[in-house]
Amino acid sequence: MLKDIRDIALFNAIVACGSLSAAGRQLGLSLAVVSKRLTQMEQQLGVRLFHRTTRHVSLTDEGLVFTEHALRLQQELDSIESALSSRQGKASGTLRITSSHSMGQRWLSPIVTRFMQQHQSVKLHLHLSDRVIDLAASGYDLAIRYGALADSRLVARELVPNQRVLCASPAYLQQAGEPLSLEELSAHSCIISGDNPVTEWTFGAGESQRSVQINARFHVNTGEAAHGLALHGAGIVVKSVWDVADDLKSGKLVQVLTDHPLPAAPLHAIWLNGKQQPPRVRLFVDYLREALAQQWQDFSLTRPD
């Protein structure tokens with residue numbers, strides 16, 4: 001039986017981070033302390049929870065079983081802490097957010113920093129990945145994502161609009177020419193991102209929607225990498241205006257085929273359906289929505305009429 005309930009948070013941090021050192025950095029603990037507490041935890045439970053290597057850890061069968069209970073227990077502990085905090089009219093506890101690399105680095109980081117300056121009892125766990133993280137299995141409070149919601153277990157609140165644009169660098173367009181029709185895209189080098197290869201891009205909406213075959217010459221796993229390739233003249237890319245607004249205004253990137261809009265993909269805050277949100281989550285979503293709405297006004301040069 002566990003003697004220290006804080007070990008639940010330690011265990012969940014190791015699972016989420018994938019290594020003892022990364023979990024230690026998140027919790028503000030040294031590697032030696034994390035290793036010692038994990039060893040004591042396994043001794044108290046009488047099972048081995050992780051397979052260890054010099055750099056990574058992976059769950060044993062017993063660890064997988066324990067994970068389900070640890071996540072639920074952590075949520076219960078957070079709920080207790082939030083209930084007590086709400087009686088005092090303040091937010092506290094750890095705010096767990098997952099987002100794409102570009103959104104997290106460019107927009108969430110400064111906004112959440114200002115939020116936490118106003119709420120000194122809140123801690124942050126921000127996970128950046130272009131993969132869609134399973135909120136039910138991971139224990140995150142929120143996901144910040146573009147586009148429609150396909151999972152009935154989740155609830156989405158639209159934060160701000162989002163225009164997706166087709167763009168390339170002036171150097172690329174000078175060398176390859178600017179496409180004047182959708183059919184000409186097949187003759188251009190196109191840049192795609194994500195785990196799954198894409199062979200076509202979709203334009204328009206409703207009855208006027210159509211898909212066009214593309215030459216996906218560059219396939220990278222993150223939107224940030226795709227953005228970088230476009231800036232260096234590799235080809236044409238589809239990007240959110242939130243990622244490239246400054247580059248479009250400065251001329252580092254040029255929007256092409258402006259008469260053929262891409263389907264809208266608003267930015268959403270997403271959480272598990274039926275889960276009561278603690279004050280820190282509700283307050284942050286409201287704060288984030290207001291902060292992004294103010295920034296959206298600066299995108300007037302790249303928004304359609």
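**View 1. The largest nonpolar core of the predicted model.** This core holds 28 residues, of which L95, I144, L159, W242, F284, L288 and L292 touch the most other members. Two or more residues come from each of the strands β3 (93–99), β5 (142–146), β6 (154–160) and β14 (267–272), and likewise from each of the helices α5 (101–118), α9 (241–250) and α10 (279–296). The greatest contribution is that of α10, which gives eight residues. At least three residues are drawn from domain 2 (89–162 + 266–301), and at least three from domain 3 (164–255).

**View 2. The surroundings of F284.** When neighbours within four places in sequence are left aside, F284 is in contact with L95, I97, L108, I111, V112, F115 and L142; among these partners, L95 is also listed with F284 as one of the core residues that touch the most other members.

**View 3. A second, separate core.**

**View 4. The ring pair of W107 and W242.** Because the ring centres of W107 and W242 lie 5.2 Å apart and their planes stand at 90°, the pair is edge-to-face. It links distant parts of the chain, with W107 in helix α5 and W242 in helix α9, 135 residues apart. W107 counts as buried at 10% relative accessibility, and W242 counts as buried at 0%, the cut-off being under 20%.

**View 5. A cluster of phenylalanine rings.** F11, F50 and F66 are joined into a cluster by ring pairs; the search of the whole structure finds six aromatic pairs.

Methods: Residues are numbered from 1 along each chain as its sequence is written. This is a predicted model: local features need pLDDT of at least 70, side-chain atom pairs count only at pLDDT 80 or more; totals for chains, interfaces and linings use all residues. Side-chain values use heavy atoms; hydrogens and water are left out. A nonpolar core is a set of buried Ala, Val, Leu, Ile, Met, Phe, Trp, Tyr and Cys residues joined through side-chain atoms within 4.5 Å. Buried means under 20% relative accessible area, exposed over 50%, partly exposed in between (1.4 Å probe, protein chains only). Helices (H or I, at least four residues) and strands (E, at least two) are DSSP runs, numbered from the N terminus. Domain bounds come from an automatic or database domain assignment. Contact means heavy atoms within 4.5 Å. Rings of Phe, Tyr and Trp (its six-membered ring) pair if their centres lie within 6.5 Å; planes under 30 degrees apart count as stacked, over 60 as edge-to-face and the rest as tilted.
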